[in-house]
Amino acid sequence: MPKIRIRDAATFLGVSDDTVRRWIDNGTLTAQVDDAGRKVIDGKALAQFARSSAHSMPDPSGVAGSARNRFVGIVTDVVMDKVMAQVELQCGPFRVVSLMSSEAARELGLEPGSVAVAVIKSTNVIVETPGGES
């Protein structure tokens, strides 16, 4: 089972190292000591914690749909020409970029500072691992 260092766990969870240490100190997360004497967290336990503690902003659209990958965010940039628009959203720690017609971007009123929902439905998802082999 992979062991995750505190600083890496903090990065994955989007919090500070000190927050992870507080969670360890109050028993929210369990840590072990590795061969080098550093505190590490079991990868499976960290994955379960990440899933159980994850929460996103409520979807303001009120639309029901089959797509499960819905990211609520704020529009940070819109680059538009006569035909196409590139819309960038910041959805928590994730940057999502969408290409759409300029007409659609105007109809949706997309501009920096507006709230929007990125809905992603794809038949292809690529998963990579650090140092993995093909």
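## Salt bridges in a predicted model

Glu-88 and Arg-95 pair up through their side chains in a salt bridge, at 3.2 Å from N to O. The term here covers a side-chain nitrogen of Lys or Arg within 4 Å of a carboxyl oxygen of Asp or Glu. Glu-88 is buried, with a relative accessible area of 16%, whereas Arg-95 counts as exposed at 54%. For those labels, buried is under 20% relative accessible area, exposed is over 50%, and partly exposed is in between (1.4 Å probe, protein chains only).

A word on the ground rules: this is a predicted model, so local features need pLDDT of at least 70 and side-chain atom pairs count only at pLDDT 80 or more, while totals for chains, interfaces and linings use all residues. Residues are numbered from 1 along each chain as its sequence is written, and side-chain values use heavy atoms, with hydrogens and water left out.

By the salt-bridge rule, the count comes to 5. Among them are these:

| Pair | Closest N and O atoms |
|---|---|
| Arg-7 and Asp-8 | 3.8 Å |
| Asp-18 and Arg-21 | 3.6 Å |

Asp-18 and Arg-21 both sit in helix H2 (residues 17-25), 3 residues apart, or about one turn of the helix. Helices here are DSSP runs of H or I with at least four residues, numbered from the N terminus. Asp-18 counts as partly exposed at 45% relative accessibility, and Arg-21 as partly exposed at 37%.

Technical notes: Helix = DSSP H or I, 4+ residues; strand = E, 2+ residues; numbered from the N terminus.
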